[in-house]
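Have a look at the chain first, and then we'll go through it piece by piece.

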Amino acid sequence: MASNSNASSGSVSRSRTFGTPQMVCYHNELAPLRVVRHPGPNMGKRFYGCPRWPRTCGFIQWLDECNDNRDLQYQLLEKECIISELQHENDILKVEVGNLKKKLSQKQDVVHELSIEYTERSLLMDEMFAKRRITYVLLFSWVFFAVCF
């Protein structure tokens with residue numbers, strides 16, 4: 001069991017017992033803290049192992065590697081929180097963009113209606129000026145004929 005130093009770890013629970021984190025193995029059971037008793041380079045080294053040893057799920061986590069794992073798990077949790085917050089902000093912005101598109105469409109409709117109204121009024125004014133010009137031309141011609149005759 002001591003030679004399995006490269007095995008991956010399970011999860012770290014948030015509760016602590018006497019300053020050391022509690023680990024959960026792949027069976028989702030609390031892994032006890034053990035000490036290597038076989039002679040060799042790992043003798044005396046502490047590790048978390050599956051509570052079903054010797055019929056184990058293969059879970060082993062050296063105690064000195066736990067801090068690294070906890071740091072990585074904390075960083076991963078932070079990143080997941082940031083991603084979640086950004087997704088929430090993105091959803092809010094999508095709703096705002098939808099609302100702004102509706103308002104833009106309404107404003108474009110109003111501008112189109114005003115453009116049509118302006119064109120109609122412009123044509124009416126041109127027609128009125130044409131009638132006035134004709135009236136002035138006729139009046140001027142009558143005055144001219146009256147003066148000349």
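In what order do the three strands of the open sheet sit? The order is β4-β5-β6, and the pairing is antiparallel. Keep in mind that this is a predicted model. At the edges you'll find β4 (33-35) and β6 (60-62), each of which pairs on one side only. Neighbouring strands in this sheet are turned against each other by 35° on average, direction ignored.

Now zoom in on one pairing. Strand β5 covers residues 46-49, and three bridges join β5 to β6, with the two strands running antiparallel. To pick out a specific pair, go to Y48: its bridge partner in β6 is Q61. As a general point, strands of a sheet pair through backbone hydrogen bonds, either parallel or antiparallel.

Stepping back to the whole chain, the count is one helix and six strands. Along the sequence the pattern reads β-β-β-β-β-β-α. That helix, α1, spans residues 63-148, and W142 sits in it.

How much of the protein is buried? Of its 149 residues, 16% count as buried. The accessible surface comes to about 12,300 Å², and carbon and sulfur atoms account for 60% of that. As for contacts with a separation of 6 or more, 41% are between residues 24 or more positions apart.

| Residue | Place | Relative accessible area |

Together with I134, Y136, L138, L139, V143 and V147, W142 makes a nonpolar surface patch of about 790 Å².

G58, for its part, gives you a distance to check in the viewer. Where does H27 lie relative to G58? The two are 31 residues apart along the chain, and their C-alpha atoms are separated by 10.0 Å.

How values were computed:
Residues numbered from 1 in each chain as written. Predicted model: local features only at pLDDT ≥ 70, side-chain atom pairs only at ≥ 80, totals over all residues. Heavy atoms only, no water. Pairing = 2+ DSSP bridges. Helix = DSSP H or I, 4+ residues; strand = E, 2+ residues; numbered from the N terminus. Axes fitted to C-alpha atoms, helices over the stretch in contact; angles between N-to-C directions. Buried < 20%, exposed > 50% of the residue type's maximum accessible area, 1.4 Å probe, protein only. Contact = heavy atoms within 4.5 Å. Areas by Shrake-Rupley, 256 points an atom, 1.4 Å probe, with all protein chains shown as cover. Patch = residues over 30% accessible without salt bridge, like charges linked within 9 Å, V, L, I, M, F, W, Y side chains within 5 Å. Salt bridge = Lys/Arg side-chain N within 4 Å of Asp/Glu carboxyl O.
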